[in-house]
There are 2 protein chains.
Amino acid sequence: MTATTDPTPRLAAYGETARRAAADYLARTDASPYLLEPAGDYLARSGKGLRPALCLATSEAFGGSSTAALPSAAAIELLHTAMLVHDDVEDESELRRGSPTLHLRYGRASAINAGDGLAVVALGALRDNQALFGSDLAGRVWSEFELMGRRTVEGQARELGWQRDNVVDLGPEDYLDLILQKTCWYTTLLPLRVGALVGSQGRADLSALTRFGFYLGAAFQIRDDVLNLVGSTEHYGKEVAGDLREGKRTLMLLHLLAAAAPAERDRVVGLLALPQARRTSDQVADVLDLMRRHGSIEFAEEFGRGIARAAAASFEEAFGRLPDSSAKDFVRDLVPYMVRRDR
Amino acid sequence: MTATTDPTPRLAAYGETARRAAADYLARTDASPYLLEPAGDYLARSGKGLRPALCLATSEAFGGSSTAALPSAAAIELLHTAMLVHDDVEDESELRRGSPTLHLRYGRASAINAGDGLAVVALGALRDNQALFGSDLAGRVWSEFELMGRRTVEGQARELGWQRDNVVDLGPEDYLDLILQKTCWYTTLLPLRVGALVGSQGRADLSALTRFGFYLGAAFQIRDDVLNLVGSTEHYGKEVAGDLREGKRTLMLLHLLAAAAPAERDRVVGLLALPQARRTSDQVADVLDLMRRHGSIEFAEEFGRGIARAAAASFEEAFGRLPDSSAKDFVRDLVPYMVRRDR
C-alpha cells in the first residue's frame with residue numbers, strides 16, 4: 001500500500017476544474033442576471049469540490065481521461081449546488097461557506113427558483129455525454145443521475161418526516177440507512193459509479209464500488225455531523241449546532257437518547273417536540289452539554305473511524321486491481337481525509 | 001371550419017388518462033409515504049389536465065397513437081405539479097384547487113422536497129421514450145423538456161426580479177415576453193411540440209406550432225390573471241386577488257400604472273414597494289377598485305380576445321393541413337375555451 005499523502009491540493013485542483021466547467025455551463029444559457037446572479041452565487045464561494053473530484057479521479061483511475069468525465073463532474077457540482085440551495089431553505093439555515101445563505105441574500109422565492117435552474121443546467125450538461133460516448137453509455141450515466149435523484153429526495157423526505165413526527169426510537173442502523181439515501185448517493189456513490197462507467201467505457205463492475213461508496217459517504221456524513229457540533233464557524237462555514245436546533249437525527253442524538261437518564265431523555269425529547277422556531281439557545285446548549293457528558297460525540301467519532309476502516313478495506317476490493325496511478329492514490333487518500341477534515 | 005363544441009368533456013378524459021399515468025409512475029418508485037403522500041397530494045386534486053391533454057391530442061392529430069405520447073404527457077403533468085408546488089411556496093399562496101397549499105399542509109421543507117421528487121419522477125418517465133421510439137427521437141423530446149425548463153426558470157426569475165426591484169416602467173410587450181417564458185413554454189409550447197414530434201415521428205415542422213402555442217398560452221395566462229381578480233374562490237380554487245397582493249406584473253396592473261392619475265399611481269407604486277406581508281387588504285381592495293374604475297380589467301379581457309383571434313388564425317397554419325380528426329377539433333376548440341373558462 002502506498003503511504004498516505006494529503007489529498008487536499010489535488011482536491012482543490014479537481015474541484016476548481018469542475019467548478020469552472022459548471023460555471024461555463026451556467027454562463028452559456030441565455031439567462032438574465034435575475035437568474036444568473038442567485039444561481040451562480042454558491043458556485044463562486046469555494047466549496048470542497050469533493051463530489052466532482054471523486055468523479056474525475058475515478059474516471060482517470062479506471063483508464064479514462066479526465067475530460068471524458070468533465071460534463072458529468074460539472075453536472076454533479078451543479079446538482080450538488082442545487083441541493084444545497086434547497087436544503088438551506090428547507091432547514092432555514094443562515095450560513096453556507098461562511099456567508100449568508102442564498103434565501104437570506106435573495107429571498108426565498110428566488111432561491112428556490114435558482115435551485116431549480118441549477119438542476120436544469122445540470123441536466124443540460126449531461127447532453128454532452130451523447131457526443132462523447134454515444135447513446136448507450138450516455139443513457140447508463142443518465143440512469144445513475146436519475147437513481148441518485150430518487151434516493152436523495154426519499155432520504156430527505158424521511159429525515160423531514162422523522163422530525164415532523166418526532167420519531168425517537170431509532171438506532172444506528174436507521175441512521176446508516178437514512179444517510180445511505182440522503183448523503184451517500186449524491187456524495188460518493190454517483191461520482192464513483194459515473195466515474196467508473198465513463199473511465200472503463202461501461203465495463204466496470206459497480207458492486208464493489210457501491211460498497212466502498214457507502215462506507216466513504218457514511219464516514220463523510222458522520223464527520224459532517226460531528227463538525228456541526230464541535231467545528232468553528234470560521235472553518236466549517238455553517239452555524240454551529242444548527243443540526244441540533246433543526247432536530248436532525250444524528251448518531252450523537254441517537255446515542256444520547258439511549259444513554260441519558262429518564263429525566264434527561266425527557267428534556268431532549270421535549271426540545272425535539274417543539275417547533276424549530278421555539279427551541280431556545282439555552283435548550284440547545286443543554287442538549288449539547290448532555291452529549292458531552294454522556295460521551296455521545298466520542299461515540300460518533302469512534303463509529304466514524306470504524307466506518308473509515310471498512311472504507312479502506314473496500315477500497316482495495318473496488319480499486320485494487322487497477323493499475324497504479326496518482327488518481328487511484330488520490331481516491332485512497334480521501335478515506336483518512338473524510339474523518340480528519342475540519343471543513 | 002367545424003362548428004365549435006365544448007372541449008371540457010374530452011379535456012377531462014385526456015387529463016384523467018395522463019393523471020393516472022403520472023400517479024402510476026409515482027407509485028412505481030419505491031418511495032416511502034414520507035415522500036409519496038406530499039408528492040401525490042396535488043395529483044389527487046382534480047386539475048384541468050390542460051397540458052397533458054394538449055400533448056395527447058396533438059400527438060393523435062399528427063398521426064400518432066395517444067399511447068405513444070403517454071409517458072411524455074405523464075412527465076408534463078408531473079413537472080407541472082412540481083412547478084405548482086414550488087410556485088405556491090415561492091408566492092406564499094394559501095389555496096390550490098380549493099384546498100390548502102402543500103406547504104401549509106406538510107410544511108415548507110417537505111413541500112420543496114416533494115416538488116423536487118415529482119421532477120425526478122417526471123424525468124424517469126421520459127426514459128420510456130427510448131423503448132417507444134429509439135434514442136434519436138427520444139433525445140429530441142428530451143431536449144424539448146430541457147429547453148422548457150430553462151425558459152420557465154428564466155421567466156420565473158424575471159418575474160421575481162421585477163417584484164423585488166419594484167420595476168414599474170413596463171408595457172404589454174414586456175408582459176408578453178415574460179409570459180412566453182414563464183407560462184407558454186410549459187403550458188402550451190412543450191405539449192404541442194412534443195405531441196407533434198411524437199405523433200409525426202419527428203417529421204413535423206415546429207415553427208408554425210410555436211406561433212400557435214405562444215398565442216394559445218398567452219390567451220390562457222391573460223384569462224388566468226383576470227380570473228385571479230374576478231373569479232370565485234369556489235370555481236377558481238385560489239385566493240382571489242392573490243396576484244395583486246404578490247405584486248405580479250399583470251396586464252391589468254400595467255394598464256392601471258399607465259392610466260392612473262399621478263396621485264393614484266403613487267398609491268399603486270407605494271403598495272408594490274411594501275414587503276408582501278405588509279400589504280393590507282384595504283390597500284389591495286383600493287388598487288382593485290382603481291382597476292375597475294380605469295377599465296383595466298376590460299382592457300386585459302379585450303387584449304386576451306385579440307390574442308385568441310391570433311391563436312385561431314395560427315391554428316389553421318399549424319394544424320390546417322392535417323387530416324380531420326376529433327383530436328384536431330379538440331385542439332381547435334381549446335382556443336375559445338381559453339378566454340371563456342372560469343377555472
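Let me start with a caution: what you see is a predicted model.

First, the whole chain. Chain A holds 16 helices and two strands. Take its C-alpha atoms along the principal axes, and they fill a box of roughly 60 × 50 × 30 Å. How does the radius of gyration of chain A agree with that of a compact globule? For 343 residues, a compact globule would have a value near 20 Å. Chain A has 20 Å, so the two agree.

Now the inside and the surface. Of the 343 residues, 62% count as buried. The chain exposes about 12800 Å². Carbon and sulfur atoms supply 52% of that area. Then the contacts. Count those in chain A with a separation of 6 or more: 77% of them come from residues 24 or more positions apart.

Next, one helix pair. Two packed helices are described by the angle between their axes and the distance between the axes. Our pair is H15, residues 296-319 of chain A, and H16, residues 326-340 of chain A. Their axes come within 9 Å and cross at roughly 170°. Are they parallel or antiparallel? Angles over 145 degrees count as roughly antiparallel, so H15(A) and H16(A) are roughly antiparallel to each other.

Who makes the contact? On H15(A), the residues include A:Gly304, A:Ala308, A:Phe315 and A:Phe319. On H16(A), they are A:Lys328, A:Val331, A:Arg332, A:Val335 and A:Val339. By class, this contact has eight nonpolar, one polar and three charged residues.

That's the tour. Thank you.

Methods
Residues are numbered from 1 along each chain as its sequence is written. Chains are lettered from A and ligands numbered from 1 in the order in which they are written. This is a predicted model: local features need pLDDT of at least 70, side-chain atom pairs count only at pLDDT 80 or more; totals for chains, interfaces and linings use all residues. Side-chain values use heavy atoms; hydrogens and water are left out. Axes are lines fitted to C-alpha atoms, for helices over the stretch in contact, and angles run from 0 to 180 degrees between N-to-C directions. Helices (H or I, at least four residues) and strands (E, at least two) are DSSP runs, numbered from the N terminus. Angles under 35 degrees count as roughly parallel, over 145 as roughly antiparallel, 65 to 115 as roughly perpendicular and the rest as oblique. Contact means heavy atoms within 4.5 Å. Ala, Val, Leu, Ile, Met, Phe, Trp, Tyr, Cys and Pro count as nonpolar, Asp, Glu, Lys and Arg as charged, and the others, Gly among them, as polar. The radius of gyration is taken over C-alpha atoms; the globule rule is 2.2 Å times the number of residues to the power 0.38. Buried means under 20% relative accessible area, exposed over 50%, partly exposed in between (1.4 Å probe, protein chains only). Accessible areas come from the Shrake-Rupley method with a 1.4 Å probe; for residues, only the protein chains shown count as cover.
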